[in-house]
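Subject: Structure handover, salt bridges

Hello,

Please find the structure below, with its sequence. My notes on it follow.

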Amino acid sequence: MATDSTKTEVGSYFISNYPPFSQWSEEYADDLNTALHSPPKEGVPLGLYLHVPFCRKRCKFCYFRVYTDKNAQEVETYVSALVKEIELVSQTEAMGGRPFRFVYFGGGTPSFLSPKQLKRLEDRLRTSISWDQAEEVTFECEPGTLRESKVKALRDMGVTRLSLGVENFFDSILEENGRAHLSKEVYTCWEWIEAANFPNVNIDLIAGMVGETWDTWKENIRKVLEFSPESVTIYQMELPFNTVYSQDILGNKIETPVADWPMKRAWVSYAFDELAKAGYSVSSAYTLVKDPSKVNFSYRDNLFGGSDLLATGVASFGHISGIHYQNKTEWGDYTGSLLEKGELPLKRAYRPTPEQLLIRETILLLKRGYLDAGYFREKFGVEILEKWSDIWKQYQQEGLVTIDADRIELTRDGLLRADGLLPPFFEPQFQGVRYT
């Protein structure tokens, strides 16, 4: 029943929402407008996502909306549009005067912005919003874009969690996969990061980058342990449709250059073992933390648990008062006349049914590595162990989950293929459809 392909084929995907994005459409525009202009549901946390879509280079495995060819004036145009959008968002009834529980600066490469640009962005944003009460403010960084002054500026902004996109410590692998930074830049910026004393610094790695071997992977884990960050996130290399690698495979009919799934899972399992020896604990199918009492992931846990998310920036995804939505996906559509006229740059949406919201929380929360059936009984009035008894039984037989009373827990094998375990929970009409 679980997805069990061996080869890393084009179209593999990381599940981050439900129903699949391919099912969202402009037909739900009225639902979205109603949600934005209605008071928020009582007790629902609120988060903010800001998309900064600039990069020095486009990685060959990247599938996000990013730009590598924008000059300083175009960057300023975008930042102005982002500030205007947040001003408009802050005036919606859906905002409801709620403080942000979490704020996430994602990309692209938010650290592409200079210290002066960051300061101007912060000053302009703070005329409309504040994140001083947020329990987590995350900022994604590419090592080669950092300078000591920029790291200090991020700390002064109130960033509490710095996510450093290392991905790999071998220059030959970084270059092959199109990364903009080299390993020396990681070492250079680390001293500045430690001096700034962020509460949580996360290092990202990718298992299965083109050129990876057992020897390079073991060395990657050894080097991560030398840095000893508060958390480590390890993704398994995938091939969504719109990456450079995927287009090359499909267009030139070549064999996939990415390691197969059993190999990637073996590498991640090795990393889990080595990090556990150093005192790290599993926080999700992708993340390990050094001190669970100190480090939490507000963005992940609140979003997975049905919080509202005001999404800002080109092509960004959000969720407000029960409605999924996405912004305009093209530069000109996002930065153009809509914002100037005081209209939000919304592209498409989806109104999930109660059943779909149940499925969404079940599959997303399972990615943490466990579920509490009592949580779903209280929130949805549903016994998830009975509702999906056939799936749980199958996964137990395959050694992917254990069940003890109300607690459903992924085994190590289950953690290593967490996203592949989720499609069987999809409704029949969404089985096998393209995800994005």
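This is a predicted model: local features need pLDDT of at least 70, side-chain atom pairs count only at pLDDT 80 or more; totals for chains, interfaces and linings use all residues.

Residues are numbered from 1 along each chain as its sequence is written, and side-chain values use heavy atoms, with hydrogens and water left out.

A salt bridge here is a side-chain nitrogen of Lys or Arg within 4 Å of a carboxyl oxygen of Asp or Glu. By this rule there are 25 salt bridges.

One of them pairs arginine 222 with glutamate 226, with 2.5 Å between the closest N and O atoms. Both residues sit in helix α7 (residues 214-227), four residues apart, so about one helical turn separates them. Helices are DSSP runs of H or I with at least four residues, numbered from the N terminus. Arginine 222 has a relative accessible area of 38% and is partly exposed; that class lies between buried (under 20% relative accessible area) and exposed (over 50%), using a 1.4 Å probe and protein chains only.

Lysine 387 and glutamate 355 form another salt bridge, at 3.0 Å from N to O. Lysine 387 belongs to helix α15 (residues 384-387) and glutamate 355 to helix α13 (residues 354-366), so this pair ties together parts that are 32 residues apart in sequence. Lysine 387 is partly exposed at 36%, as is glutamate 355 at 30%.

Glutamate 383 and arginine 377 also form a salt bridge, at 2.6 Å from N to O.

Regards

Notes:
Helices (H or I, at least four residues) and strands (E, at least two) are DSSP runs, numbered from the N terminus.
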